[in-house]
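Work through the exercises below with the sequence and the model open. Each task is followed by its solution.

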Amino acid sequence: MSLAGTTGTSALASKTADIVIAGGGAAGAACALAAARGGARVLLVERSAQLGGTVRQALLHTLGGLFDDSGEALHGGLAAELTARLLAASPHTRKRRMGKAWVLNVDPEIYAQVMEQWIAAEAGLEICLQSEIAKVALTRGAVQEVVVRTATGPCALRTGALVDASGSADVVRRIDPACVHEGAALGGFIVQMDGVAADALRFPAGVGLAREIRQAAANGRLPPQCASVWLDAGVRDDEAYAKFSVAAGTFDAPAMQRTAASLHDFLRRLPGFAASRISRYGSLGVRDGGRIVGEYCLSEHDIKRGSHFPDPACSACWPIEHWDPLSGLTLEYLPSGHRYQIPLRSLKVRGFSNLWAAGKCLSAEPRAQASARVVGTCWAMGEAVAGQLLGLASRNENAPAARAVAGACEHG
Ligand SMILES: Cc1cc2nc3c(=O)[nH]c(=O)nc-3n(C[C@H](O)[C@H](O)[C@H](O)COP(=O)(O)OP(=O)(O)OC[C@H]3O[C@@H](n4cnc5c(N)ncnc54)[C@H](O)[C@@H]3O)c2cc1C
């Protein structure tokens, strides 16, 4: 692995790649790992200084989309390997039931470290941090060349395919804004606390606490944003997370940190929180920053009727967890044992031969994206796109076997 953009000295090592991927979150990491394992020359371009995506940046600790509603693994391939690696990395990582769904409870920092070490060990993968795709040169609907803006200046690179795993369709929007549906779902601001008593959020204490917070927000003893805050136990016994809802375009980080500090002052007077402190503030988490216009648009109807497709990328069954900007959260569980598929066509940008997306910026209706966007599903989508580009029958139950891919990525 080489790290252009992190050292401040190097330009890109390569002048050609089989696949360029924008975004080092769940989908981008999976796509990069699968493609590199398949023998492709991969460039992974990440805007921030670190890999890990929204999980790391926004402090997510409950990974959804890895298990079905009976707690069985939903995917093979990289998503299953991720679960195994996370479980091995920390004794605190564990499978947990949340309502009718199952998640993997993991410290976001452990998740990011596991991802970084995994990627660093993969040959054929070049990482470019603090960088962006600045320009895309196209010929007859095919991406030919990208210009990557790195910390040390722009670098042009010929590529066989481009994958937008930015979580917000940022690259596709840059090519043509008409190829993106803008999103409006509520975002989230998450704060991690430690020093919390182990039973502080257990039933019924947690219910009483939520009621007290709502009352305090209603009568002005807490800022109004605290009315809908969600408190959850953390990964270690002495941790808790507070998740605030934030309307798109209104996020003010210092103001939200003050709001979180007010909530924490309030909590410290209550049983179980006297010795607690805020240990980390997340950055704004954007649930729907834009979805591509794909060859197929996954619909709410597809999800509810359990649609299967001739070109499946992966299966999914997460509830429709929709964060409406006006009415807030609605959670609609799918029937027990229910699964739907995400077709590869919903990951291919319409009108282009080798321009793809993976992860939460897939082509989907807002309420379909509200189910398909969870972490495990994003890993499975990223791997499936790589499999398709490698020219393999891409089922994420079968991780791409290592093989040479000379020419296979051309205009995938
Ligand atoms: C508040 C909130 C809470 C959530 N809670 C959960 C949860 O509990 N469980 C769960 O499973 N899912 C949760 N999700 C969904 C979760 O965000 C997604 O499942 C997952 O992070 C999406 O992965 P991704 O790879 O598509 O995008 P991301 O993880 O967002 O990764 C995209 C990456 O691309 C980078 N990037 C952006 N633009 C560019 C660019 N132009 N060039 C290069 N890089 C770029 C970003 O810096 C980022 O690293 C939550 C989301 C939010 C916002």
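Two residues are in contact if their C-beta atoms, placed from the backbone, lie within 7 Å. This is a predicted model, in which local features need pLDDT of at least 70 and side-chain atom pairs count only at pLDDT 80 or more, while totals for chains, interfaces and linings use all residues. Residues are numbered from 1 along each chain as its sequence is written.

**Exercise 1.** Find the place of Arg280, and list its contacts beyond the neighbours within four places in sequence.

Solution. Step one: Arg280 lies in strand β15 (residues 277–281); helices (H or I, at least four residues) and strands (E, at least two) are DSSP runs, numbered from the N terminus. Step two: with neighbours within four places in sequence left aside, Arg280 is in contact with Leu59 and Gln192. Step three: a residue is buried if 20 or more other C-beta atoms lie within 10 Å of its own, exposed if 12 or fewer, and partly exposed in between, with C-beta atoms placed from the backbone. Arg280 has 13 other C-beta atoms within 10 Å, so Arg280 is partly exposed. Step four: 42 Å separate the C-alpha atoms of Arg280 and Gln144, which are 136 residues apart along the chain.

**Exercise 2.** Describe the division of the chain into domains and the contacts between domain 1 and domain 2.

Solution. Step three: 11 residues of domain 1 are in contact with 12 residues of domain 2. On the domain 1 side, six of the touching residues are nonpolar, four polar and one charged. Here Ala, Val, Leu, Ile, Met, Phe, Trp, Tyr, Cys and Pro count as nonpolar, Asp, Glu, Lys and Arg as charged, and the others, Gly among them, as polar.

**Exercise 3.** Which strands pair with β3, and is Leu43 buried or exposed?

Solution. Step one: two strands pair if DSSP finds at least two bridges between them. Strand β2 (residues 16–22) pairs with β3 in the parallel sense over four bridges, with Val20 opposite Leu43 and Ile21 opposite Leu44. Step two: β3 also pairs in the parallel sense with strand β7 (residues 125–128), over four bridges, and Val45 has Cys128 as its bridge partner there. Step three: in a regular strand the side chains alternate between the two faces of the sheet. In β3 (residues 42–45), Val42 and Leu44 on one side and Leu43 and Val45 on the other are all buried, which covers both faces.

**Exercise 4.** Follow β2 to its other partner, strand β10.

Solution. Step one: β2 and β10 (residues 153–164) run parallel and are joined by six bridges; Ile21 is partnered by Val163. Step two: six of the seven residues of β2 are buried.

**Exercise 5.** Describe the open sheet that contains β4, β6 and β5.

Solution. Step one: the three strands have the order β4-β6-β5, with antiparallel pairing. Step two: β4 (62–63) and β5 (94–98) are at the edges, each with a single partner strand, so one side of each has no neighbour in the sheet. Step three: five bridges join β5 to β6 (residues 101–105), and Arg94 is partnered by Asn105.

How values were computed:
Domains from an automatic or database assignment.
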